[in-house]
Amino acid sequence: MKWFKKKKQTGDRSQEASGETIAQDLEPEAPQEEGADTAEPVEPVEATGVSETEKQGFFRRLRNRLSKTRQGFVGRVDQLLLGKKQIDEALLEELEEILITSDLGVQTTLALIEKVREKVERKSLSNPEELKEALQSEILAFLKVPPRPGRIAEEKPHVIMVVGVNGVGKTTTIGKLGARYVKEGKRVLLIAADTFRAAAVEQLQIWAERIGAELVRHKGKSDPSAVVYDGIHAAKARGVDVVIIDTAGRLHTKVNLMEELKKIRRTVARQLPDAPHETLLVLDATTGQNAISQAQLFHEALEVTGIALVKLDGTAKGGIVVGISDSLGLPLQYIGLGEKVEDLQDFDPDAFMKALFSEVNQSA
Ligand SMILES: Nc1nc2c(ncn2[C@@H]2O[C@H](COP(=O)(O)OP(=O)(O)OP(=O)(O)O)[C@@H](O)[C@H]2O)c(=O)[nH]1
Ligand SMILES: [Mg+2]
């Protein structure tokens, strides 16, 4: 039965950054419990069937949570253009600096500036207002990675394996994502395969209880693949729709980590030949260009299918969205805008740009 469809995107993009940053050492805090899922309704997964009021609330939240980036990036562009009458080389150089320091990435910035410069030379762009419009449309073009046919799970369950370095927001993202599927009426099972850290299992358990998902866990420090084996087995037996696997972000070495994750993947595939259907990489927007290096590392080892870029609410350098879309050729699937269950949104390039470039001084 072809019951589940996911969009996937592709792009012929160059690699931008290199290096490894697996040893990031952020200690996650426990998820916030109070009223997390009662404050506002959880947004549905599909845009279809969403009321106008919900859409507005959705956009308002996006806009509010991007305020740091709007002020730090678009606000600086506005300041640069203020009172300028013409576009000269000095102005383009300053713009280049703003783009780079907003974390769009060097290569992406140079490509953007080049496109703008061409337009200036062709005289299709002559004043700062037009420059700002051109900048928006060129950035949007970078964000719109062309879609490709989705991968379809032939039979239940649809399996999503979530990976990323420690502290980026994997477990929180799993909670939010699981909540969306539960809201859609799907039966969701979470697998606690981060057995490296004692508190990790409890953290996932809290999320499972909060969102109404099932949980498969082992007591004590067992082999992650053994937990995954039991989890998939249970999911098949119970007719679960969606399985989400939480994994460790840190092991003794990064080689160990990647080998462990590959082993988990093999375990899943042995029980369900097409699975995992998605390998979702969670990246922390506040780590800037490191996020791109991490993505390259994980993608090489695990063939990541999509990215969740979270903590966008906590950074003025949201330009990383553009850098990631441009340099990885991987679809930016979700963005995280806070710690609560409703703070995970599908990444929508048009809405993102609209939220970012709406008037800086407009009340949030
Ligand atoms: N502001 C903000 N905080 C977030 C977001 N996503 C996650 N967090 C917070 O980031 C911290 C770490 O999140 P976790 O979900 O525990 O991260 P993890 O990747 O599972 O960490 P490990 O299990 O140690 O590998 C928690 O305090 C979360 O509440 C987000 O979109 N915005
Ligand atoms: Mg975790």
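Okay, let's start at Ile-292, which is found in helix 10, residues 290-302. Before I go on, keep in mind that this is a predicted model. So, is Ile-292 buried or exposed? It has 26 C-beta neighbours inside 10 Å, and the cut-off is 20 or more, so Ile-292 counts as buried.

Now look across from there to Ile-320. In sequence, Ile-292 and Ile-320 are 28 residues apart, but from C-alpha to C-alpha the distance in space is 8.5 Å. Helix 11 covers residues 320-328, and its axis and that of helix 10 come within 10 Å, crossing at roughly 30°. An angle under 35 degrees counts as roughly parallel, so that is what we call helix 10 and helix 11. The crossing itself is right-handed. Who makes the contact?

The largest nonpolar core has 88 residues, and Ala-295 is listed with Leu-190, Val-243 and Leu-309 as having the most contacts inside it. Which helix gives this core its largest share? That would be helix 7, residues 198-211, with six residues. As background, nonpolar side chains tend to be buried together in soluble globular proteins.

Let me zoom in on Val-243. If you skip the neighbours within four places in sequence, Val-243 is in contact with Pro-157, Val-159, Ile-160, Leu-189, Ile-191, Gly-231, Ile-232 and Ala-235. For the chain overall, take the contacts between residues at least 6 apart in sequence: 80% of them join residues at least 24 apart. The chain has 364 residues, and 43% of them count as buried. In terms of secondary structure, we have twelve helices and twelve strands.

Next, another helix pair to set beside the one we started with. Helix 2, residues 67-81, packs with helix 3, residues 89-101, at an angle of about 170°, and their axes are 10 Å apart. Helix 2 and helix 3 are therefore roughly antiparallel. This crossing is right-handed too. From helix 2, Phe-73, Arg-76, Val-77 and Leu-80 meet Leu-91, Glu-94, Leu-95 and Ile-98 of helix 3. Here the classes come out as six nonpolar, no polar and two charged.

Most residues other than glycine have a negative phi, and most peptide bonds are trans. Where does this model depart from that? For one, the peptide bond from Ala-275 to Pro-276 is cis, with omega near -5°. Pro-276 sits in the loop between helix 9 and strand 9. Then there's Lys-123, not a glycine, with a positive phi of about 65°. Lys-123 is in the loop between helix 4 and helix 5, and is exposed, with 7 other C-beta atoms within 10 Å. Glu-303 also has a positive phi, near 50°. You'll find Glu-303 in the loop between helix 10 and strand 10, which brings us back to our opening helix. With 11 other C-beta atoms within 10 Å, Glu-303 is exposed.

Conventions. Residues are numbered from 1 along each chain as its sequence is written. Chains are lettered from A and ligands numbered from 1 in the order in which they are written. This is a predicted model: local features need pLDDT of at least 70, side-chain atom pairs count only at pLDDT 80 or more; totals for chains, interfaces and linings use all residues. A nonpolar core is a set of buried Ala, Val, Leu, Ile, Met, Phe, Trp, Tyr and Cys residues joined through C-beta atoms within 7 Å. A residue is buried if 20 or more other C-beta atoms lie within 10 Å of its own, exposed if 12 or fewer, and partly exposed in between; C-beta atoms are placed from the backbone. Helices (H or I, at least four residues) and strands (E, at least two) are DSSP runs, numbered from the N terminus. Two residues are in contact if their C-beta atoms, placed from the backbone, lie within 7 Å. Axes are lines fitted to C-alpha atoms, for helices over the stretch in contact, and angles run from 0 to 180 degrees between N-to-C directions. Angles under 35 degrees count as roughly parallel, over 145 as roughly antiparallel, 65 to 115 as roughly perpendicular and the rest as oblique. A crossing is left-handed if the near helix is turned anticlockwise from the far one by less than a right angle, and right-handed if clockwise. Ala, Val, Leu, Ile, Met, Phe, Trp, Tyr, Cys and Pro count as nonpolar, Asp, Glu, Lys and Arg as charged, and the others, Gly among them, as polar.
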